[in-house]
Every structure is written in C-alpha cells, then in structure tokens.
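The following exercises concern the structure shown below. Please work through each task before reading its solution.

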Amino acid sequence: MVTLCAAPRVAAGLKKTKKYTIIITEQITNKMSEEKEKIRKIIHVDMDAFYASVEQRDRPELRGKPVVVGGPPNSRGVVATCSYEARKYGIHSAMPSSQAFRLCPWAIFVKPRFDVYTNVSKEIREIFYEYTDLVEPLSLDEAYLDVTENKKGILLATEVARQILKKIYQKTRLTASAGVSFNKFLAKIASDINKPKGLTVITPKMAPAFIDRLPIRKFFGVGKVTEKKMAALGIKTGADLKKMKKEELINHFGKVGSFYYNIVRSIDDRPVNPHRIRKSMGEEQTLSKDIDDRQQMLQVLEKIARSLEEHLKKNRIKGRTITLKVKYYDFKQITRSITLEAPVDEADMIMKYVKTLLDKTEAGKKKVRLLGITLSSLLTP
Ligand code: DCP
Ligand code: MG
C-alpha cells in the first residue's frame, strides 16, 4: 500500500528526501487511525438495584435488609425491583408481589418514588456528558456512551468507565456497573457480568469464546417467545446460533434473523444514538376479516396488550397515557385516550382501561378492521 502511494512521486522525480519519508509516515498513520476508527469504544452503564438502592440510601433503616420496591404484597401489583438482600430469596423484577411475599415474608415492601429516580437519572447523565455527547439513555438507570473520542482525551475506555463509576458514587452515593467493549451488544452484556459495582471489558479477542457460551436469552431482542422458538430449533447458546445459516435464520425469524446472524459474530454497527428519545410504544393488528363482536375485539386487544407488555418490560418502559385505536370497515379511524396518575406496563391494567375506552367507540355498531393500543407519557429518560 505504501509502495503504491509512493510510486507516482518517485516517478515524478521526487528523491528519497526527508520530506518524502514524512509523506509515507503520514500515510501510514492515517491508515492506522482509519483502522483504529473501525474499533469503537462503547461503555454501557447500569445502576445496581436502582430503585431499591435509592430507597436504601434515603431510608437508612432499610440498609442491609431485603427491600422490595413495587406493589404491596396483598395487591395484584408486581415487583419493580428489589435489593440484593431480597434477591437471595429468589425475588426478582416483574414477579407478582404476592409471590415475593411468600418467598420472604419479612421483606420490606416500598412504594416506588418515580420523581426521585428521575432526578438521580438526570444527575448521572450530567456525569456522562462530562465525557461525551454521544450518550444514549435506555431507561432511567442505563445508558450507552461512545467514548472513542471523549472530551477528556482519555485513551483507555476502561479508565473512562472507572472514573464515571467513581463520580456516580461521589455524586449520588449509589453504585453502578459498567461494561466496556467495541459494540453496544457486548458492552451491555459486559455490564451485567460482575454486578454490583462491576467493571467488565470484552475485547475483540475475547468476544468469540464469550459469545459461544452465552445463553440465547441474553441476545439482544430475544424475549421469552423467541427463546422458545430458538430452543425448538436446538439453539440454546451462541455457539448453536453460530451454526445456523443466514438464510435459515431469516426464514425462521424474518428480518431480525440477519441481525442475529451478525451479532453472534460480534458484528453490531448500531451507533450510539443521542437523539433517540422514545415518545410512545404501541402495537396494532389488522384483522383477517372485519368483525363486530365485542368479545372477539377484546380477545384481539388482550393479545396486543400481552405483546405490548413484553416489549414495555424488555425496554423498561412504563407509560401514563393509554390510547386505543380503532379503524372501522370504511377505513375511518378514531382514537380514545386516558391518562393515569401512575405509569403502567401490565397487560391486565392496560386492558382494564382499554375496555372502557372501547365502550366510547362505535365498535360493534360498526364493523372493525384494525385495533391498536399505544402507551405514551412514558416514564423513560
Ligand atoms: N424496573 C421495573 N420493572 C421491571 C424491571 C425494572 O420497574 N420489570 C425498574 C426498576 C429497576 C430499574 O427499572 O430498579 C432498572 O432496571 P434493571 O433491570 O437495571 O434492574 P436494577 O437496576 O434494579 O438491578 P440490576 O442491579 O440487576 O441492574
Ligand atoms: Mg440496573
């Protein structure tokens, strides 16, 4: 490559002067930095037992105790999160609070204080911005940072991560974990490895062996439903996934199949997107034929609500506004909304309101061709 670049200059009569050597050196350096550019430095930061740690910070009597943040044990509510002391009993996020109570009757149940969590979230984001503007918050307690170029000119991403974790603790008295790698997928996986207070690096060299051992559920976008589908195909780990041909994956999973094909090979070019602020999350379904039976409509809506719940939870999103969309047989479309005091993500809760919203439409009197539910006024970063 260098010889090729140099050749025309030699032909043009340039002697091997010092200047000439410099040109070649510059070309090599440029080439090296181009190659280096391809390797990004991504950090994923995730707070440890976020809501529960905030409660333990603000109420010293809760420290060292099993604390469950979420619905009360005698309600139909669920666990938002719990302290590490409570996790020893098998309690985890999204578990019904009644079950958490059965597992650990002496656990202390605390109501979430979203306004406080939102403030902490802003505080940690300010720290991220000290290092880079390429910050993509995923929820109140986690974000991706691209620190390939960072405001402090620190070469090692691990050092940036170390400083950030330290500053988070100094500012909020809360601990976080960080994952450092060369793409988003691996950085996120890494942050989860040594929780709490973990700092884990996955280098390009380490990545293949690491991914081979990774359970399929940990792959980006793989929820319960996809996990089952994968299991039916004999895919349980990254190594199993790697054996699949691209076409096979596309056949079984559609467009996302090629994404799986790539990430299992550590190929994930998704940029850290600082502008991605989600305003709503929704799903809709066009029916195979127009219907006028309310019961049937509710069945469809129930299915939509369940699927929506899975997506909301996977993305750690809750919303206060529920909107029902109805498209009638004549393609006329209406929406009906309700805004609640507290954010929700549970299908049962969503359906309770969707039923009353459906009563405010002409569905039934008029045949319906499409139904949809959207959640907005989101509790996101
Ligand atoms: N959360 C929620 N419902 C869920 C999952 C999470 O309300 N099903 C909330 C409570 C968590 C916060 O989002 O504190 C962050 O979610 P994480 O998955 O990061 O869980 P934690 O921060 O609580 O624990 P970890 O230390 O495992 O990150
Ligand atoms: Mg967390």
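**Exercise 1: a strand pair**

Strand 5 and strand 6 make up a hairpin with 2 residues between them; strands (E, at least two residues) and helices (H or I, at least four) are DSSP runs, numbered from the N terminus. The model is predicted: local features need pLDDT of at least 70, side-chain atom pairs count only at pLDDT 80 or more, and totals for chains, interfaces and linings use all residues. Residues are numbered from 1 along each chain as its sequence is written, while chains are lettered from A and ligands numbered from 1 in the order in which they are written.

Task: State how many bridges join strand 5 to strand 6.

Solution. Step 1: the two strands run antiparallel, joined by 4 bridges; pairing requires at least two DSSP bridges. Step 2: opposite Tyr144 in strand 6 stands Glu136. Step 3: 4 of the 5 residues of strand 5 (residues 135-139) are buried, so the rest of the structure largely encloses this strand. A buried residue has 20 or more other C-beta atoms, placed from the backbone, within 10 Å of its own.

**Exercise 2: an enclosed helix**

Task: Determine which elements cover the buried residues of helix 8.

Solution. Step 1: helix 8 (residues 184-191) has 8 of its 8 residues buried, so it is largely enclosed by the rest of the structure. Step 2: the buried residues include Phe185, Leu186 and Ile189. Step 3: among the covering elements are strand 1 (42-47), strand 6 (142-146), strand 7 (176-181) and helix 13 (256-263), where contact means C-beta atoms, placed from the backbone, within 7 Å.

Note on methods
A residue is buried if 20 or more other C-beta atoms lie within 10 Å of its own, exposed if 12 or fewer, and partly exposed in between; C-beta atoms are placed from the backbone. Two residues are in contact if their C-beta atoms, placed from the backbone, lie within 7 Å.
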